[in-house]
Amino acid sequence: METSIMATDLKLHKKYGKFIKTFEGSTPVMLVYDAEWIKEAFVKNFSLFTNRRRLLFGGALDQGLFSMEGDHWRHSRKMLSSEFSSGKLKKMMPEIQKCVQHFVQILEDSDEQPVDIRTKCYALTLDLISHTAFGLDSDAQTNEDSQFTKNALRLISFGEAEQPLKEKIRSTVAIFVVLLAPDWLVKLFAKLSITVFDAGAINYFEQLCQSVIDSRKSDNPGADFVQTLVNNMKETSKGDPDTLVDTLGYNWTKKGLTKTEIIGNALLFLFAGFQTTADTMLFVFYELAQYPEIQEKLYGEIIEICDSDDVTPEQVNQLKLLDYCINETMRLYPQAFRFDRSASEDVTIRDIFVPKGTAVTAIPWTIQRDPEIWEDPEEFDPYRFTPDRFTEKQVTAFMPFGIGNRLCIGSRLALMEMKLSIITALKKFEFKTCPDTPERPLEFAAVPAVTPSKKIMLSFVKREAATTD
Ligand code: HEM
């Protein structure tokens, strides 16, 4: 069997220690398995580690926050942050609840027979994104063959088993180009629309955003991300002192966001928020089914605090064990199992010399399983996050949403979506393993994502209290 990237990282750490200097094509890369060092570099020396390694994805995605650099990133991050405020999240609650109710209904329809819970979490998350980001009903949970679903799956399937050979070759070539080729070749391939992601899928979402934007400009305001971004839409113009050119060669304006940036960020929210949220949710279901005594304690906490059908953000914030369960899941299965920053100058940190241009890569998967920091690291033990047990060392070594000023902008939304889904499902069902549920520890496919090698089958058995509803 091919080895996953995460398993390879664990082996490399064991064999070579906390720092590994290597090359990927012409790019010097340093793999770092030391959390204190990462904090010193990415947080204390942020001005030297502001940007990520330059990866050009192709299409409008290159004008999304993830790829932006320097002042252009600073400006856009400020503009986009307001989209994730607690006020905005509160406004989104009814839409989120509606999607979650649909999810629970689908689980109920399974009639306690085993379901492939990953596909259900994917459909739920797509529904959530289409409502919260685009203000659209994607129909993803009712119709697994909808255009929205098909294209979203094409967007995230890097050479996965079910892809046709032609697609596998295309994505493998593109990943090779993006990771290994020199900058000029990457730019040339981007111009020729040879991208890591399926160009047809990118095109579909670009068109979709375009039509949403056009409908909003007329007379149809919505409460979603695209709407607020459209409210701040400004185009660049030659000779305007507020129009600047960024380090990637794109025009931007200090006065707002351009239409391409709005499309790029809407696409990015889909790309960055889809699989990450769905798979984290999936692993929470899986672990709670594996540990029924923890599941029952969590159920107790939930029915005590969330005593009516409408769950409020205030109630959600009181659910401490739920926090610990999600944290423990993200410790074991960090969706971004690697993330990086590019050194803008030569620098020496804690006696380690980092040449300018090095892609310094943090490896949360390994750090969050380091036995020197985490006792019995493979155990699912949510109580390690209680204030009396969660040590300073562990605080530094826990980075599922990244670290420093560039950490995940969507973390609060993702957490709210996952929490509401788990609360609503747990109030109604017991999550149970079945003969086809893969055993712990899980094995993962050799693809650049945290994809279990086997389907996660679980059954959802109605609780007695819920059957009397
Ligand atoms: C459980 C779900 C999620 C996980 C585990 C996750 C994880 C991450 C990580 C590790 C990073 C890199 C941080 C760094 O480099 O320090 C990141 C960046 C980012 N994430 Fe998320 N993410 C999740 C959900 C979301 C959602 C729902 C959205 C948007 C709706 C989102 C949007 C972004 C964006 C735009 C960035 C780039 C931020 C920047 O460069 O300033 N993520 N995420």
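**Close-up views of a predicted model**

In strand S9, Ala-362 is the bridge partner of Val-32. This pair opens the legends below, which describe a predicted model.

**View 1. Strand S9 and its two neighbours, S2 and S6.** Strand S2, spanning residues 27-32, pairs with S9 in the parallel sense over four bridges. Strand S6 (residues 339-342) runs antiparallel to S9 and is also joined to S9 by four bridges. Arg-341 stands opposite Val-360 of S9. Within S9 (residues 359-362), Ala-359 and Thr-361 point one way, while Val-360 and Ala-362 point the other way. Which of these residues are buried? Ala-359, Val-360, Thr-361 and Ala-362 all are. In a regular strand, side chains alternate between the two faces of the sheet.

**View 2. The open sheet S3-S11-S10.** Three strands form this open sheet, in the order S3-S11-S10 and with antiparallel pairing. Strand S3 (115-116) and strand S10 (429-433) stand at the edges; each has a single partner strand, so one side of each is left without a neighbour in the sheet. Five bridges connect S10 with strand S11 (residues 457-462) in the antiparallel sense. Glu-430 stands opposite Val-461 in S11.

**View 3. The largest nonpolar core.** How many residues does the largest nonpolar core have? The count is 115, and the residues with the most contacts inside this core are Val-226, Ala-266, Leu-267, Leu-270 and Phe-285. Helix H11 (residues 259-290) contributes the largest share of the core, 19 residues. Leu-270 touches Ile-129, Ala-133, Ala-152 and Phe-205, when residues up to four places away in sequence are not counted. In soluble globular proteins, nonpolar side chains tend to be buried together. For the chain as a whole, buried residues make up 40% of the 469 residues.

**View 4. The shell around the ligand.** There are 24 residues around the ligand, and Gly-273, Ala-336, Gly-402, Cys-408 and Gly-410 come nearest. Which element supplies the largest share of the shell? Helix H11 does, with seven residues. H11 and helix H17 (411-428) each supply at least two residues of the shell. By class, the shell has 15 nonpolar, seven polar and two charged residues.

View 5. Cys-408 is listed by UniProt, in an unreviewed entry, under "binding site". The residue lies in the loop between helix H16 (392-397) and H17. Cys-408 is partly exposed because 19 other C-beta atoms lie within 10 Å, and a residue counts as buried at 20 or more. Leaving aside neighbours within four places in sequence, Cys-408 is in contact with Phe-401 and Gly-402. Gly-402 is also among the residues that come nearest to the ligand.

**View 6. Lys-234 in the loop between H10 and S4.** Lys-234 lies in the loop between helix H10 (225-231) and strand S4 (243-245). With 17 C-beta neighbours inside 10 Å, Lys-234 counts as partly exposed. Its contacts, leaving aside neighbours within four places in sequence, are Thr-253, Lys-255, Gly-256 and Thr-258. The C-alpha atoms of Lys-234 and Lys-254 are separated by 9.2 Å, and the two residues are 20 apart along the chain.

**View 7. The whole chain, for orientation.** The chain has 18 helices and 11 strands. Of the contacts with a separation of 6 or more, 71% are between residues 24 or more positions apart.

Technical notes: Residues numbered from 1 in each chain as written. Predicted model: local features only at pLDDT ≥ 70, side-chain atom pairs only at ≥ 80, totals over all residues. Core = buried A, V, L, I, M, F, W, Y, C linked by C-beta atoms within 7 Å. Buried ≥ 20, exposed ≤ 12 C-beta atoms within 10 Å, placed from the backbone. Contact = placed C-beta atoms within 7 Å. Near = placed C-beta within 6 Å. Nonpolar A, V, L, I, M, F, W, Y, C, P; charged D, E, K, R; others polar. UniProt positions renumbered as here; feature names shortened; annotations may be inferred. Pairing = 2+ DSSP bridges.
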